[in-house]
Amino acid sequence: MIRIETSQIGENGYSVAGEEPGDLLDLARDPVARPDGPIRYELTVEAAGTELVVRGWAEAPLQIRCSRCAQFFSTTARVSSFLHAYESAEHPEFLDVSDDVREDLLLEIPAFPLCQAGCKGLCARCGQDLNEGVCGCAPPEGGPSPWSALDGWMATPGSWPPPGGPGRGPK
Ligand SMILES: [Zn+2]
Ligand SMILES: [Zn+2]
């Protein structure tokens with residue numbers, strides 16, 4: 001839990017920095033991401049009118065599954081400008097910002113993570129990881145592509161659409 005004792009907030013605010021176990025991210029059942037070390041954070045709280053304004057940064061090392069090749073890779077989710085305001089009256093003793101830190105960090109996980117920009121993914125036929133090498137299914141470099149059979153498509157002018165309109169092609 002990232003808790004800030006509100007009694008510590010003076011005129012110049014109050015700063016907290018530290019580490020929290022990666023469990024804080026609550027990723028135990030997440031198929032795509034898992035914690036890979038402690039979350040680090042540095043936050044400053046300031047009283048502004050009736051609110052407590054918390055600013056700072058947080059980062060979490062993660063293992064994320066690549067959306068193309070399904071391999072896990074190491075990355076860091078980083079929130080560089082955490083900024084949330086809380087009603088002072090609702091937090092007379094301490095402010096727990098864990099939920100907001102967690103949510104902001106999880107938002108940094110891309111919807112379609114890639115282990116590398118040019119990840120070649122898996123062969124759709126045999127499942128081979130194409131980053132590790134070419135499988136037997138792929139046509140040799142420069143060879144006929146599977147689309148070459150369509151090269152003659154529309155070769156005859158007027159052959160498409162069929163005469164007589166849709167659904168009434170010649171018998
Ligand atoms: Zn990949
Ligand atoms: Zn293959």
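The model is a predicted one, in which local features need pLDDT of at least 70 and side-chain atom pairs count only at pLDDT 80 or more, while totals for chains, interfaces and linings use all residues. Residues are numbered from 1 along each chain as its sequence is written, and chains are lettered from A and ligands numbered from 1 in the order in which they are written.

With the chain still selected, consider burial: of its 171 residues, 15% count as buried, where a residue is buried if 20 or more other C-beta atoms lie within 10 Å of its own, exposed if 12 or fewer, and partly exposed in between, with C-beta atoms placed from the backbone. Among contacts between residues at least 6 apart in sequence, 57% join residues at least 24 apart, two residues being in contact if their C-beta atoms, placed from the backbone, lie within 7 Å.

Next, select Y41, V45, A58, A60, V97, V101 and L105, which touch the most other members of the largest nonpolar core, a set of 21 residues; such a core consists of buried Ala, Val, Leu, Ile, Met, Phe, Trp, Tyr and Cys residues joined through C-beta atoms within 7 Å. The elements that give two or more residues to this core are β4 (39-48), β5, β6 and α1 (98-107), and the largest share, six residues, comes from β5.

Centre the view on V45, and, leaving aside residues up to four places away in sequence, display the residues that V45 touches, namely I4, I9, G13, Y14, L52, V54 and L95.

From there, move to N12, in the loop between β1 (3-5) and β2 (14-20). N12 is exposed, because 8 other C-beta atoms lie within 10 Å.

Select D26 in the loop between β2 and β3 (33-35), where phi is near 60°, a positive value in a residue other than glycine; D26 is partly exposed, with 13 other C-beta atoms within 10 Å.

Finally, select A70 in the loop between β5 (51-65) and β6 (72-87). A70 is not a glycine, yet its phi is positive, at about 70°, and A70 is partly exposed, with 13 other C-beta atoms within 10 Å.

Key. Helices (H or I, at least four residues) and strands (E, at least two) are DSSP runs, numbered from the N terminus.
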